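Please keep the sequence and the model in view while reading.

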Amino acid sequence: MWMETVAPTDGTDVDPKVRSSVIVAGATPLERLRLAALGGLARAVAGKHLGPVPFPVAAWMETAELPPADVQSAVIEALRRGEDPLAEAYNACISAANRRQLGTVFTPSEVVDHMLDLVVDNLYGRQPACVIDPGAGVGAFTVAAARRWHNARVIAVDINPVTLGLLAARIAYERSQDARWARRRIDLQLADYASALPGLFAADAPAPILALGNPPYTRTQSLTSGYKRDAERLRKVVEMTGHANLATVFQALTLEYLRADDLSCMVLPGSIVYTDAARGLRRAMWSSSRPVEIHRWRADTKPFVGRNVQAAVLMIGPERSVARPIRLARAESMNGNVELIQRWTMARDKPPPDNWFWAEDSFDQPDAVLPLTTFVTIRRGTATGANFFFFLTDSERAAFPDDVITPAVASLRRFEGTVMTQAAHRTWGGADEPRWLLTLDPYKPVPAPLVSYLAEHEDTVSRRHLSTQRREWWAITELPRPDILVSPLTQKTFKIVVNKAKAVASNNLLGLTLREGNPAPLAKWLRSIEGQRELRRVSRRYSGGSFKVEPGGLKRLQVPRSVVAAVIGRSPESLLTPELPL
Ligand SMILES: C[S@@+](CC[C@H](N)C(=O)[O-])C[C@H]1O[C@@H](n2cnc3c(N)ncnc32)[C@H](O)[C@@H]1O
């Protein structure tokens, strides 16, 4: 089947005596020579820690020359630094276009971590007895699963002897660094995943089995008719059309073979939520009692699946007594993390919609969330460059005219309330609270009472960097008056204050300005347990246990739909630009 037509794996093409290249589907003759040379690198990295490998992999490793010593040590050093030099070496040997034949794209670690966390939520406290990595490549999932679940057997299945050999080298490297890896049971199977499925999910295999990975996105046109026929023979219930790509075929077949306690979590093309080719898969998920969750990246971000393909993670949990609503989310990769920027659910008590991400009631969900940035502008308060000169106490300002003084907040340390009214602003913190900002107009003459104050401070303040940027060193003209003040540093609870006094904030504070609506429901939610948890999630944590939130962190903050609706006084859908399917 697939192996005969696409990538021979029985060793006949890798005869150690005559071979000078290795067969990897899609690779040119020159690329095959390069890939053959990689065998020496894999042998050098593996050293004496190499475990059992399939024959073609062993032949590939044994017949290549060892690379120069400095190359070997550079690769080991990169592995020590936590990089993935084996994936890089593979990618350097074969062009991206030719890698596509086998759908070879390596998954970034943040996506792997995100999926492992999702799986843990669906394991209900259990550990998988076995993890199967369909299309294991150089082992992003195999290695992460072996790290996370020490006692699980991990089976890495791939049709490509080179990536499987690099994975063998990677595992050997882990063994050389940590003796406990000797006890991890990791099997490498050089095989077509679809044909291996019935054996992998045999009825008497220990449960639960977890199928975890990023199967190859090989387009239907690249699959031979023989392969499609064989896949059809393996099928039991889930309908497949002839147009399904290989990843969808792998997922549909996996669902067929999952036993009640087994589960799967795979990266798939985002189009599975609406294409005809995946209709059978969607129907099977809809009618099952398994938890189903899909996190889909935006169409214009193709972070890892490859050219022109939108990515989604599909989690299918173990069978439950009741079918819970399907959980859907839009995902984004940001700063080395996967963030869910919008979540909602879809009950399975009616016929399934054609497009799961385009259902009419998608947003009518209590647990849907929206990014704070959809209705709020976030910015730090005013930077003066010399707060002691610009922020004044009651007695310091007493001699100055009212029109050069603006209510301000330099810090919230001594403010105990939740709303800064004008009355509260006049009294809080005592007489030495610097609650007034000197706001002289650069286009007007300096009022007489201020002439000596300016002369007294000119030497110290006028040469400071920010002073030199202003039209007059003593004139601050940017005076944002945010609706909500956020104290960015805390041991435990972030202080959130509604700024009814319209005071100008100092740059010790962050300010939230609503584009429309009432700030009170947002401030209330930010002070709630859930809001504070969300604030901590987007904060940096320091070693003493304190948290600091920056404007960039607030931009990642997610607000429940119900809170947004209360703020803007109408349904929040209108704030969103709809996402069109590809
Ligand atoms: C998208 S890559 C994923 C690699 C790796 N799991 C990762 O996430 O970094 C898909 C992998 O599937 C493998 N593959 C392609 N066709 C296959 C088949 N019929 N059976 C098993 N593996 C296959 C490719 O060789 C490639 O390593």
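A residue is near a molecule when one of its heavy atoms lies within 4 Å of that molecule. The model is predicted, so local features need pLDDT of at least 70 and side-chain atom pairs count only at pLDDT 80 or more, while totals for chains, interfaces and linings use all residues. Residues are numbered from 1 along each chain as its sequence is written, and side-chain values use heavy atoms, with hydrogens and water left out.

**The ligand**

The ligand is surrounded by 24 residues, and the closest are G103, T107, G135, D158 and D192. Polar contacts, pairs of N or O atoms within 3.5 Å, are listed below.

| Residue and atom | Ligand atom | Distance |
|---|---|---|
| D158, side-chain N or O | oxygen | 2.7 Å |
| D192, polar side-chain atom | nitrogen | 2.8 Å |
| Y193, backbone N or O | nitrogen | 3.1 Å |

On its own the ligand has 590 Å² of accessible area (Shrake-Rupley method, 1.4 Å probe), and the protein covers 99% of this area.

**Two helix pairs**

Helices (H or I, at least four residues) and strands (E, at least two) are DSSP runs, numbered from the N terminus. Axes are lines fitted to C-alpha atoms, for helices over the stretch in contact, and angles run from 0 to 180 degrees between N-to-C directions.

How do helix α10 and helix α12 cross? The axes of α10 (residues 193-200) and α12 (residues 246-257) come within 10 Å and cross at roughly 10°. This makes α10 roughly parallel to α12 (an angle under 35 degrees). In this contact (heavy atoms within 4.5 Å), Y193, A194, L197 and P198 of α10 meet F250, L253, T254 and Y257 of α12. By class, these residues are seven nonpolar, one polar and no charged.

Helix α19 (residues 519-527) packs against helix α22 (residues 561-568) at about 150°, with the axes 7 Å apart. The two are therefore roughly antiparallel (over 145 degrees). Here P521, L522 and W525 of α19 meet V563, A566 and V567 of α22. The contact of α19 with α22 has six nonpolar, no polar and no charged residues. In this classification, Ala, Val, Leu, Ile, Met, Phe, Trp, Tyr, Cys and Pro count as nonpolar, Asp, Glu, Lys and Arg as charged, and the others, Gly among them, as polar.

**Backbone details in loops**

A cis peptide bond, with omega of about -5°, joins A207 and P208. P208 belongs to the loop between α10 and β4 (209-213). Y124, a residue other than glycine, has a positive phi near 50°. Y124 is found in the loop between α7 (109-123) and β1 (130-134).

Technical notes
Angles under 35 degrees count as roughly parallel, over 145 as roughly antiparallel, 65 to 115 as roughly perpendicular and the rest as oblique. A polar contact is a pair of N or O atoms within 3.5 Å; within protein, one must be able to donate a hydrogen and the other to accept it, and residues adjacent in sequence count only if both atoms are side-chain atoms.
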